[in-house]
Amino acid sequence: MTFTNDLPKGSTTQVPCALTIAGTDPSGGAGIQADLKTFQELKTYGMSVITSVVAQNTTGVQAVHHIPIEMIEQQLNSVFSDMPIHAFKTGMIANEDIMKVIAEKISGQDISYVMDPVMVATSGDPLIAKNARYFLRQNLLPLTSLVTPNIPEAEYLTGETIDTVEAMKDAAVKIVEVFGAGAALVKGGHMEGEAVDFLYDGSNLHTFSAKRIHTKNTHGTGCTYSAAITAYLSQGVSLIDAVGKAKDFVTAAIQHSFSLGAGSGPTNHWATREESVKL
Ligand SMILES: Nc1ncnc2c1ncn2[C@@H]1O[C@H](COP(=O)(O)OP(=O)(O)O)[C@@H](O)[C@H]1O
Ligand SMILES: Cc1ncc(COP(=O)(O)O)c(N)n1
């Protein structure tokens with residue numbers, strides 16, 4: 001990965017800069033809010049382009065408003081024309097029109113791209129139009145450096161049922177070899193037993209495992225994980241190390257998650273700080 005931005009004026013150190021293109025969560029656990037908190041925690045300069053404003057909390061999604069396409073395009077132009085971007089991620093991209101404008105902007109860019117193929121919130125509410133999932137796979141997936149599906153998302157992307165560890169590995173390989181993702185990280189949060197994720201990088205399979213934490217507070221885990229990977233990539237960390245460090249980060253965030261709200265509470269983005277672990 002290249003890391004070639006000029007120094008910001010007056011600065012003596014090079015600042016890693018990461019962008020998230022996603023929807024919002026006013027309750028602060030998922031979406032843009034989770035991404036920016038994660039970037040900040042990992043000492044990465046965070047930027048955001050908002051695709052949809054989502055009224056949601058720990059119990060579910062109450063309403064969704066999609067930002068007009070021209071305004072999404074303007075936001076993309078604002079950051080891409082002026083700011084250094086060392087890595088970016090996409091989260092919620094609700095429909096084909098939004099996907100198109102993003103695809104146009106990012107194709108041809110030589111910047112690490114992490115796609116969290118968000119389809120359904122932890123609460124079960126849909127976050128993407130059903131007919132847009134095919135467009136996502138055909139047009140955005142081949143532009144990625146890494147895609148991070150959970151089990152239901154990997155099932156959609158591959159068209160296969162995934163109920164074993166072997167099927168998870170096969171899915172990771174298929175998403176890269178057949179559908180053209182740069183790499184695929186199939187996450188095992190929705191399986192039983194250890195929380196095991198498999199990364200296929202185009203040559204080898206890598207395993208990332210952590211003890212399952214018994215908690216209902218997993219709102220925003222996928223957003224936090226993919227944002228952490230993006231932050232590490234923006235710092236020039238290799239893909240495999242970025243996933244390993246991000247796995248430690250998200251595991252700590254779940255371990256020290258908060259019982260806030262009546263539903264599935266948010267992860268703790270500052271969990272790795274000493275004062276948080278003592279809470
Ligand atoms: N209860 C849990 N204990 C430990 N790790 C978990 C738990 N639930 C999810 N994870 C991990 O959190 C990350 C997000 O995974 P997952 O829940 O599958 O994604 P998503 O939030 O997109 O549904 C993965 O590394 C997964 O293994
Ligand atoms: C705007 C937005 N993007 C993504 C998610 C998925 O979050 P989760 O990790 O809980 O599935 C969400 N709830 N809201």
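The following exercises, each with a worked solution, concern a predicted model.

Local features are taken at pLDDT of at least 70 and side-chain atom pairs at pLDDT 80 or more, while totals for chains, interfaces and linings use all residues. Residues are numbered from 1 along each chain as its sequence is written, and chains are lettered from A and ligands numbered from 1 in the order in which they are written.

**Exercise 1. Determine how strand S5 is paired and whether its faces are buried or exposed.**

Step 1. Strand S5 spans residues 87–90; strands (E, at least two residues) and helices (H or I, at least four) are DSSP runs, numbered from the N terminus.

Step 2. Two strands pair if DSSP finds at least two bridges between them. S5 runs parallel to strand S1 (residues 17–22), with four bridges, and Leu19 stands opposite Phe88.

Step 3. Strand S6 (residues 112–115) also pairs with S5 in the parallel sense, over four bridges; here Met115 is the bridge partner of Thr90.

Step 4. A residue is buried if 20 or more other C-beta atoms, placed from the backbone, lie within 10 Å of its own, exposed if 12 or fewer, and partly exposed in between. Ala87 and Lys89 on one side, and Phe88 and Thr90 on the other, are all buried, so both faces are covered.

**Exercise 2. Describe the largest nonpolar core and the contacts of Ala172.**

Step 1. A nonpolar core is a set of buried Ala, Val, Leu, Ile, Met, Phe, Trp, Tyr and Cys residues joined through C-beta atoms within 7 Å. The largest one has 68 residues, and Ala172, Ile175 and Ala184 are among those with the most contacts inside it.

Step 2. Helix H8 (residues 239–255) supplies the largest share of this core, nine residues.

Step 3. Contact requires C-beta atoms, placed from the backbone, within 7 Å. Beyond its neighbours within four places in sequence, Ala172 touches residues including Val186, Phe198 and Leu205.

**Exercise 3. Characterise the shell around ligand 1.**

Step 1. The shell holds 19 residues, the closest being Asn150, Lys187, Gly189, Ala195 and Gly222; the criterion is a C-beta atom, placed from the backbone, within 6 Å of the ligand.

Step 2. Strand S9 (195–200), helix H7 (221–234) and H8 each give two or more residues, and H8 gives the most, with four.

Step 3. By class there are six nonpolar, nine polar and four charged residues. Ala, Val, Leu, Ile, Met, Phe, Trp, Tyr, Cys and Pro count as nonpolar, Asp, Glu, Lys and Arg as charged, and the others, Gly among them, as polar.

Definitions and conventions:
Contact = placed C-beta atoms within 7 Å.
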